[in-house]
Structure formats: C-alpha cells, structure tokens
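Take a first walk through this structure. Start with the overall layout, then turn to a few residues.

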Amino acid sequence: IKMPMATMKALSGRNEKKRNEIKKEIFVSNGKEKNEVGREVDVIYVLKRDADRMKLLVFNNLLLNKNYRMVSANTHDHCVAIPISRKITTEEILEKKDWLVEGIGKQWCPYSTAVL
C-alpha cells in the first residue's frame, strides 16, 4: 500500500514524539539517577544460573513483562530480577513447584529496546 509522503512523515513524527517522551522519563532508584530510562516494576528474584529457565516459565505463564529488561538484583546476592506483569503472591509461587524463586519485590528495570 502506497501512502502519500506527508502521511508517512506524520506517522513517523508521532512515533518519534512517543520515543522522546519515554526518553525524558528518568526514574531514581536507591537515591541515584540512572543514565538509562526505566521504571520501578514488580519483579521476581531468581539465581543467575536459573534465570533463562525461569524467564521461560514466567513467559509461558503469561507473567513476563516484555516492556522491561532483566537486571541484576539490588537486594538479593547472586540473583537476577525478572520483571513481571502483575504483583504475585507467595502462595502463587509455592503452588508452582518447579519455580525456583528466591524472592519477590519491586526494582528499577530499564525499558526493553523494543519499547524505545
């Protein structure tokens, strides 16, 4: 489908405006300003060695928040924070016997490159 050049420029201008709005958002975590843009989101903490397996399990259970990237955990040693789409309870985690979760909480995560 061919579109007039003016329409194409208008559409790309809207996308650029959205990207610029997102890039202007800078959130503070632990009293330090981050160079990357992101937000504090609900996460589960898993050991680094279990991160890929757990990310797949979270994805298959429709809990993975794809708008954010996984990051090293601030509060749990040797762990990774996996962003989730909603708050999860301890009882829900205990029901999932194959989940290897070290903790749950909130942490600053950078936006996924797909969002930017």
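Residues 24 or more positions apart account for 72% of the contacts in the chain with a separation of 6 or more. Keep in mind that this is a predicted model.

Now trace the chain. It holds 3 helices and 6 strands. From the N terminus on, they run α-β-β-β-α-β-β-α-β. The chain has 116 residues, and buried ones make up 34% of them. Its accessible surface comes to about 8,100 Å². Carbon and sulfur atoms hold 51% of that surface.

Next, look for aromatic rings. The structure holds 1 aromatic pair. The partners are Tyr68 and Tyr111, with ring centres 5.2 Å apart and planes at 20°. Planes under 30 degrees apart count as stacked, so this pair is stacked. Where do the two residues sit? Tyr68 lies in the loop between helix 2 and strand 4 (71–72). Tyr111 lies in the segment after strand 6 (103–110). The pair therefore ties together parts that are 43 residues apart in sequence. Both Tyr68 and Tyr111 are buried.

Another ring has a charged neighbour. Lys96 lies over the face of Trp99, at 5.3 Å from the ring centre.

Finish with a loop. Arg49 is found between strand 3 (38–47) and helix 2 (51–60). Is Arg49 buried or exposed? Its relative accessible area is 72%. Exposed means over 50%, so Arg49 is exposed. Cys79 is 30 residues away from Arg49 along the chain, yet their C-alpha atoms are separated by 8.5 Å.

Conventions: Residues numbered from 1 in each chain as written. Predicted model: local features only at pLDDT ≥ 70, side-chain atom pairs only at ≥ 80, totals over all residues. Heavy atoms only, no water. Helix = DSSP H or I, 4+ residues; strand = E, 2+ residues; numbered from the N terminus. Buried < 20%, exposed > 50% of the residue type's maximum accessible area, 1.4 Å probe, protein only. Contact = heavy atoms within 4.5 Å. Areas by Shrake-Rupley, 256 points an atom, 1.4 Å probe, with all protein chains shown as cover. Phe/Tyr/Trp six-rings, centres within 6.5 Å; stacked < 30°, edge-to-face > 60°. Lys NZ or Arg CZ within 6 Å of the ring centre and 35° of its normal.
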